[in-house]
Amino acid sequence: QQQQQQQQQQQQQASAASNNSSSHSTSNPNPHSNSTTGNQHTQQQPPPQKPKPLRDIFFVNNGDFIHGTGLSQMIDGENNPSALVPLLEKMPYDAVNVGNHELYSKRNIDYMTQPGGYVDWWGDRYLTSNVHIATTSTDQSSPATGNNFSKNKHSNSNNKSLGNRYKILHGSSGRSRLLVFGFLYNLVDYNQDAGIEVEKVESAVAQTWFLNALKQEHYDAILVLAHMDLLDPLVETICGAIRDAIGDDMPVVFITGHTHYRGVRQLEDATMTFEAGRFMDTVGFVSFPRWESVRSGNAASLFQHKFLDANRKVLFEETLGFHRARDGETKNGKELSQFIDRTRQKMGLEQEIGCAPRSYYVERHVDHPESLWGLYRDQVIPKVFSVKQTMMTIEEEATHTEDNLPMAMLLNKDAWRYDLLSNATLVVDDIVAVAPFNDTVVHLGTFTREVILKANETLNVAHQGTHDLKWLSTLPKYILIDNLDDFDTFTTSTANGPGTAGTSIAPTKYHLYTHEFGAGIIKGFLERLAPKETVEIRKTEFTSTIIWLAFVQEFWTCSASSRNNNNGNNPIIPSNFLPSYQNAITNEKGEIDRIKLLVAIFVLLILVGILSTCVAILWISLQKYLSYQPIMGGEEEDSVSCHQEEDGICKVDGNANINDGDGEWGKVRDGEGAVSMGVENLEVL
């Protein structure tokens, strides 16, 4: 059983970045991780010359396909997945779980749940054991699968499952039956305007449908797709509910995710929890026994696992045994990779924008010379966001007043998701991989140095002890971008009495900014720390991704020999980066729209007609110059001349006598003649 962890990347998610021919949604910017989704499609369905495996293999996806790359564009805080979803639907997954990133955007949720959309595409393979569609309907069948929905005594009884609550997978050999669930952690900040409800895991495992599935279905082992950390207490909650219902002998494997690292843990003798990396850098493999093979006390030895690098050599040569990686490619796999390439080209994601002087890593401490956060603090913000003209525009826009106060920015460490590598010329999607969310920068108000520092400290203390993204242990949860040490006080003019004036020293205030996502949390802390100050979230025209793009284009230009011809003087954000993906003759699902096609053909015919008319007019206008060809030949005495005749036409026929207008006649040899229009003193030879 194998799992491809498709993260933001996205993201994306279908999602990260590289500068070779593969897609960011299907590969990793690290040159070693050169495998694409097309390659991994091939790995799961290898060429027919390879013998079928002796054991049953299942291929699963644990959610979070949105974010990570430009294929899942972020526009005004909403995802447009119309370019990404058709790519993911080509993958041969046996089961798909839902992740938290799919549920933040109402537009994304609406696209997934539309008739014939992402949820319908996967049918009963799309598992959402504790994610429901909130509805007032009395119909208790799932809109995607038709499965009955068991009423939840802890939530709205009219809710329906977003997908399928569970599924029995049958192995290709016909011997294995696998009971599969799909759980999401207790997410609370999802987009509730989209009609989605996330039920607490503790409530879901107490429902009748869950207990009936465990006790009444026939299966050989249990697989739980759990979009949560492998050490999350909710894993033990689910495991405990399973053991209470059916005892301790049934093999159970948890495929976990969400927290982006490679990890494995043997929870019990017959229970393993396994997390398969992040950002498309890993294909995880776990092997476990059927119930009939388990012997008391030795079940743990029958559980095995392997982390496979998303590398073509690893997947094709070392894993599948091909002599060369390209020998293992299948027609479907190649076509999927080509489909991704075409989509990326249409969206402008391959546009070259600059060259990084060195590599910067998101995991490094802020003060490390190769820290991505250090780069953002020391170069990106001062050069793009903090420049005087920019600051005046932002402050007037946010506060409707102009002042000379300095600025500070307080950001969540999750704002940047991937490294910025210098192994090749940077393209648009490399920057999207770093900042996939395109968050709007918002203004919170003006505060003193002490308040901002206290807010930063309080926020980080409040998040200590959580195990979210532990792989970023060198970074605090919130990072302060500031120059607070450069400004302690400022001088103001005061009136001491009628006709008098003086000065006073007051603490310096700073304009404080953050990203829109999560701004409410910071706002709440500021209101408690500075109750007399006005705290208001006001949007600016800047977004996180655009700031990075502008910096790279203006300050990281390539050498003259590079293919990038941008001199850095006029950085231009790709015009097709922000708008929604739309092809001239396709609908939002990437299918041919016949009406659009007919309109396009009609417009093309009109343009061809106009062009033909223009050419004809030009030809007529120039014909008198282009069509004149004198007749050469004959003896000198055969030559005759004539002056302009009636209507400016002189016509010479074979054996005709011509009067030249002066009483002289000439003769033209048989078969020779010439016609000229509007030409005086024409000589005909």
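For helix packing, axes are lines fitted to C-alpha atoms, for helices over the stretch in contact, and angles run from 0 to 180 degrees between N-to-C directions. Helices (H or I, at least four residues) and strands (E, at least two) are DSSP runs, numbered from the N terminus. This is a predicted model, in which local features need pLDDT of at least 70 and side-chain atom pairs count only at pLDDT 80 or more, while totals for chains, interfaces and linings use all residues. Residues are numbered from 1 along each chain as its sequence is written, and side-chain values use heavy atoms, with hydrogens and water left out.

Helix 13, which covers residues 449-462, packs against helix 14 at an angle of about 125°, and their axes are 10 Å apart. That makes helix 13 oblique to helix 14, given that angles under 35 degrees count as roughly parallel, over 145 as roughly antiparallel, 65 to 115 as roughly perpendicular and the rest as oblique. The crossing of the two helices is right-handed, a term used if the near helix is turned clockwise from the far one by less than a right angle, with anticlockwise giving left-handed. Helix 13 contributes V451, K454, A455, T458, L459 and A462 to the contact, and helix 14 contributes I521, I522, F525, L526 and L529, where contact means heavy atoms within 4.5 Å.

The charged side chains come next. The structure holds 20 salt bridges, each being a side-chain nitrogen of Lys or Arg within 4 Å of a carboxyl oxygen of Asp or Glu. One of them joins E516 to K539, with the closest N and O atoms 3.5 Å apart. Because E516 lies in the loop between strand 25 (509-515) and helix 14 (519-529), whereas K539 belongs to strand 26 (residues 538-543), this pair ties together parts that are 23 residues apart in sequence. E516 is partly exposed at 31% relative accessibility, and K539 is exposed at 53%; here buried means under 20% relative accessible area, exposed over 50% and partly exposed in between, with a 1.4 Å probe and protein chains only.

R344 forms a salt bridge with E350, the closest N and O atoms being 2.6 Å apart, and R344 is buried, at 0% relative accessibility. R344, E350 and D429 are linked in a network of salt bridges. R290 meets E292 in a further salt bridge at 3.1 Å, N to O, and R290 is partly exposed, with a relative accessible area of 21%.
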